[in-house]
Amino acid sequence: MGFVFLAIVVVIVFLCLRIVPQATEFVIERLGKYKYTWGAGLHILIPVIDRIAKRVTLKEQVLDSPPQPVITKDNVTMQIDTVVYFKVFDAKLFTYGAVNPISALSNLTATTLRNIVGELELDDTLTSRDTINGKMTEILDCATDQWGIKVNRVELKNIIPPSEIQNAMEKQMKAERDRRETLLEAEGHKAAVITRAEGDKQAMILAAEGERDARIARAEGEAKAILLAKQAEADGLAALKAAGVDEAVLELKKYEALVSMSNGKASKIIVPTDAVEMTKANVMFSETSGLGDVTPPASDEAPKKKKDECCD
């Protein structure tokens, strides 16, 4: 008898024991009224009096809303679906705050999205994902506090405009790409022409500078050559003067100068007066003395006539 009683007690105790898993909370009601919230661990539930009203997970959850039609400010209807990341921070508020908190969050997400996108035009909607996400997160997080829900993040999953809008956008993007391509080609051609012109200009400048330097160098060389020739002539005259040469040597030098002048390309020859006088004197001396005359003298006898054999 005692063994049976002990067995009954063990069974009752076993049925009263409850184990709450990690990251989970149990909401306990006693006689239909909220009593307390169990955290992770081992707990004892009084039969008949206490009951587990709700098992709530504290892990982060994902609410993936289906695509829904949204009208923009410029009357364009688009299909937009959202993803909401949330977690429960208060099991009691989550249990008693709303009949179906997940459904309430889904409907609130849809209405908030319509309100925000309805204030934007099509282009702003397509380019303002971050702005829309931030506004929705702020609004949903504030509204779900009374449900024990913490909204961590909201993301726009897809934005699908109508087909005709998509075609128009594709044509617009193609036209924009063509315009950029034409502009880049024009800029490239312009840069090439400018670079080529600058190169030609630089080449002409360098060529002119080279010609100028060559002329300067040529003129300097000629001037230096003339200077050296004059210097050599002056040095020669100084050497002759220092050597004390006589009149015969000077006359010979005059003849040499006359010969060199006659061999040049000049159209006029200036003969010194003393050289002319000396030439006249030499001619008169040659004519008087007969020196230098290579013409044979004339014969005194008359030439004999040949006999004409026909007549004689």
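**Salt bridges in close-up**

**View 1. Glu 176 and Arg 180 join side chains in a salt bridge, with N and O 3.2 Å apart.** This is a predicted model, and we start in helix 6, where Glu 176 and Arg 180 sit four residues apart, about one turn of the helix. Glu 176 is partly exposed, as its relative accessible area is 28%. Arg 180 has a relative accessibility of 51% and therefore counts as exposed, the cut-off being over 50%.

**View 2. A network of salt bridges links Glu 176, Arg 179 and Arg 180.**

**View 3. Lys 174 and Asp 178 form a salt bridge, their closest N and O atoms lying 3.2 Å apart.** We stay in helix 6 (residues 163-243), where about one helical turn separates Asp 178 from Lys 174 because they are four residues apart. Both partners are partly exposed: Asp 178 has a relative accessible area of 34%, and Lys 174 has a relative accessibility of 48%.

**View 4. Arg 30 and Asp 50 meet through their side chains in a salt bridge of 2.6 Å, N to O.** Arg 30 belongs to strand 2 (residues 24-30) and Asp 50 to strand 5 (residues 50-57), so this pair ties together parts that are 20 residues apart in sequence. Asp 50 is buried, at 5% relative accessibility, whereas Arg 30 is partly exposed at 26%.

**View 5. The whole structure holds 10 salt bridges, according to a search.**

Terms used:
Residues numbered from 1 in each chain as written. Predicted model: local features only at pLDDT ≥ 70, side-chain atom pairs only at ≥ 80, totals over all residues. Heavy atoms only, no water. Salt bridge = Lys/Arg side-chain N within 4 Å of Asp/Glu carboxyl O. Helix = DSSP H or I, 4+ residues; strand = E, 2+ residues; numbered from the N terminus. Buried < 20%, exposed > 50% of the residue type's maximum accessible area, 1.4 Å probe, protein only.
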